[in-house]
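Morning, everyone. I have one structure for you today and a few local features to walk through.

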Amino acid sequence: MTLDQELASKLLHAAAQETNPVPLLAFALHRIWQKLERRKITADAIEALGGTLKNAMPLYANSIIDRMDTAEQETARRLLCSLVSFEGLAAEAWAKRSICRDDLAPELWAMAERLSGMGAERDARLVVIGADATGRQIVDLAHDGLIRAWQRLSDWINEARGLAASRSAVEKRRSEWKAKPDDERLLPSGYELEDGKRLLALKPGDPVQIREEVREFIQRSIDIRTKEARLRELKDREIALTRREAISSASRQLLRVEDAARKLCEAVLDKLGFDYAAVQLVDKGERTIGTIHGQGQQGDWFGIASHPLDIEGDDPSLFDIQAHVAAKPPRIEVIAGYDNRFDQFIFRKFGHQEHVRAFVPIVLAGDSEKPLGWNWREIAKREQRPDYRRAWEAEGAGRLGEYEIIGTVEAGFTSRKCEIACGQVVKLAELAHLHAPSLWDSSLEHVFQAVVDAAATVLKPAGAYLGFAFNTKRKRFEYERRFGDQCALGSSGFAATASRKPGTEDRRLQQSELTLLPSDREGADADAYNRMFPDARAAGLHAEALVPIKVSDPDREAPPIARGILHLVFTEEITFSKYDEEYLRSLATRAEEAISLATAIGKARMFARGLRNLHHVASALAQYADQQKILDEIAGYAMNMFAADLVTVFECDQGVFCGTGLAGRFKDRARAKPKSVDPGSAPFDLVNVYRKSQYDYKAHASGAVGASGVPNFVAREGIMSVAGIILRTSAETVGAIFLNYRRAHSLSDEERDLAEALASTAAIAIRNKRMMAVAAAGTLAPRSAPPSPAAAGNSEAAGR
């Protein structure tokens, strides 16, 4: 036999790097000898052993263990660990020990024979079997180097060392408990109890064993902690049921909003002596403010009006008085006679010229049982007798603390002889503040807060956020409720209003299905959370729940779409269970049911307002002989029925346009009425080309410029959405109504039905007046000749 000199150099160099090289070198030479061919050991021999002296032993040992199934590997682990002594030694210290056959379970001795090469695997040499001085069979580790060089065995030993430490901790806990056996707080719980369960799972022959009294102590702890957990679960479920009932109760409160508004009006009349009072509430979803209830003298106009909240560019000439008072900072006003912010149609129609009125915000702030106590600074005073106006603003609005304006109260006298002093207006504001909680309790926002509270109470997140009805123009949810201040959507961490990069909060908002990260469901991807939201860990988050709130449209056969989200964040490690998932789904369902109820209530209120307006239209049109007044009347009622910013009504007779009615706050009212309606203009095309109502009128909203080069009606007035409704009787088309919005708005099916009802009523009135006029004149000739094609484009296309 010859030994390659290069191999000898490699072996000696590798041995010099080890603190105890003899076992490793002996093992490597033994393995090289086993693979010897042609009685020559070459330099390549060490490559077959793993490339280095240190790799030879673990490569060999792993090759033997990896051929076993899981149960066999577990038996091998128990045997090999029992051949190492570590108890009573310093950390990382160990010592080999021999075990007699009589002290091993049969399956462990069988494994010993297999690992010693006595079985089918003749090349296995991890243990050796011999005899002690008395002749008894014993088993021992084949090589000292196995413990240091073989990582798998080191891991097994460290695991056993951990079990031994756990046993010591449990035994210490048992000693403490024995001194006070009635104190169940001394029994293991949490991680200690989990360690105890691992100790109970030990089998005879394992390297770590526990005494029977320790086993009984652990089992007693498990029984008591299990009972406590069941009681907690029952309590949590009871709390969950209570919280769900709180949501249902808040939902039922939606039906009582008019009752709450009525009580406020009664208090205003009884305590402050006004002739009449009306309550207007903000509809965040529609971005409007409308009258909910009113009572007192001359109340025919109650429930008719609804106006937009948003004013383009804060142009003061476009403000509605209710929207202005509902805006921040808080303001109170007294007005006698006319003001540019009044609804001109209602002011004129219901004879408010002699009225003196106070307008105050309904402020939800702090403890409603305590007065606001704000100082009011006068900001406007105009006296042009008999008209006058005074206005006050809350001083130091930035220091007023958290508050929200949820609506307005209008109260007044029908005679100018009744003065309204500042003190009386302040009392009115305080009274509105006193009733604000009952009005808020009847709102959808109250339901959303109940949902957030229910999630926070049961699941105990660091932060919770519910957002609903996202406004793309304002880049925020209109409804927002929160719990805690830890990075939830809408807070400083993941603000829905912030312009962060896509993939952070944007991705959270895009979740259309319930998402729990991380989840304990079978097959769940443990790293999915980090991949989906890489910013979470940096924000100190360990788990999140994203629960979409979906809304169905009962008028359309389409799947529900997500219009809101419930977002929970956790700063501690948590894994969501199936029960957590079911609970969150139930909260979303209750929120969705409340939204459906609120939508139904809103539709009922809209129908009621529409019916009031239709009633007024029918009765008013019957008494007017002036055709221009009829058109203006139709426009005024239509504006309030549909909360439109501007309404234009066009009359036509046998295809010839012969009159225009207007309602709303125009930037340039003088140019709103065209001298003629020519082919290519919106009214002409609606009546003569489309010949049916257009509820998303693209031609009208095209933003084109008139032939004269002057910006058209849409660009000039800042119109974003338009609906064009034809006025038609069974016999002929008599005109068209255009509902113009300075905000994105699409009429619902119910609004379209009301629009058609209004159009029918108005068309009949126009037709009847026309027939009466024609009969009186004794002629059936049209009012004017149709325009020639050459006239097209010579005037601005009105309504485009």
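Which residues form the positive surface patch? They are R348, K629, R669 and K673. Keep in mind that this is a predicted model.

Take R669 from that patch. Where is R669 found? It sits in the loop between β22, residues 656-664, and α19, residues 682-690. R669 is partly exposed, at a relative accessible area of 36%. To join a patch, a residue needs over 30% relative accessible area and no salt bridge. R669 clears that area cut-off because its value is 36%.

Now follow that loop into α19. P683 has its place in this helix. Is P683 buried or exposed? Buried, with a relative accessible area of 0%. The cut-off for buried is under 20%.

R691 is found between α19 and α20, the latter being residues 713-717. Its phi is positive, about 60 degrees, although R691 is not a glycine. Most residues other than glycine have a negative phi. R691 counts as exposed, at 55% relative accessibility.

There is another case of this kind, at K460. Its phi is positive too, about 55 degrees, and K460 is not a glycine. Where is K460 found? In the loop between α14, residues 444-459, and β16, residues 463-471. K460 is exposed, with a relative accessible area of 57%.

Next, a peptide bond. The bond from K328 to P329 is cis, with omega near 0 degrees. Most peptide bonds are trans. P329 is found in the loop between α11, residues 321-325, and β11, residues 331-336.

Last stop, helix α8, residues 190-200. Which residues are buried there? L193, G196, L199 and L200. Why do they fall on the same side of α8? Because they cover an arc of only 110 degrees around the axis. An α-helix has 3.6 residues a turn, so residues three or four places apart point the same way.

The positive patch includes R669. P683 is buried in α19. And the K328 to P329 bond is cis. Over to you for questions.

Notes
Residues are numbered from 1 along each chain as its sequence is written. This is a predicted model: local features need pLDDT of at least 70, side-chain atom pairs count only at pLDDT 80 or more; totals for chains, interfaces and linings use all residues. Side-chain values use heavy atoms; hydrogens and water are left out. Patches are made of residues with over 30% relative accessible area and no salt bridge: like charges are joined within 9 Å, nonpolar side chains (Val, Leu, Ile, Met, Phe, Trp, Tyr) within 5 Å. Accessible areas come from the Shrake-Rupley method with a 1.4 Å probe; for residues, only the protein chains shown count as cover. A salt bridge is a side-chain nitrogen of Lys or Arg within 4 Å of a carboxyl oxygen of Asp or Glu. Lys and Arg count as positive and Asp and Glu as negative; His and the chain ends are not counted. The place of a charge is taken as NZ of Lys, CZ of Arg, CG of Asp or CD of Glu. Helices (H or I, at least four residues) and strands (E, at least two) are DSSP runs, numbered from the N terminus. Buried means under 20% relative accessible area, exposed over 50%, partly exposed in between (1.4 Å probe, protein chains only). The arc is that of the directions from the helix axis to the C-beta atoms.
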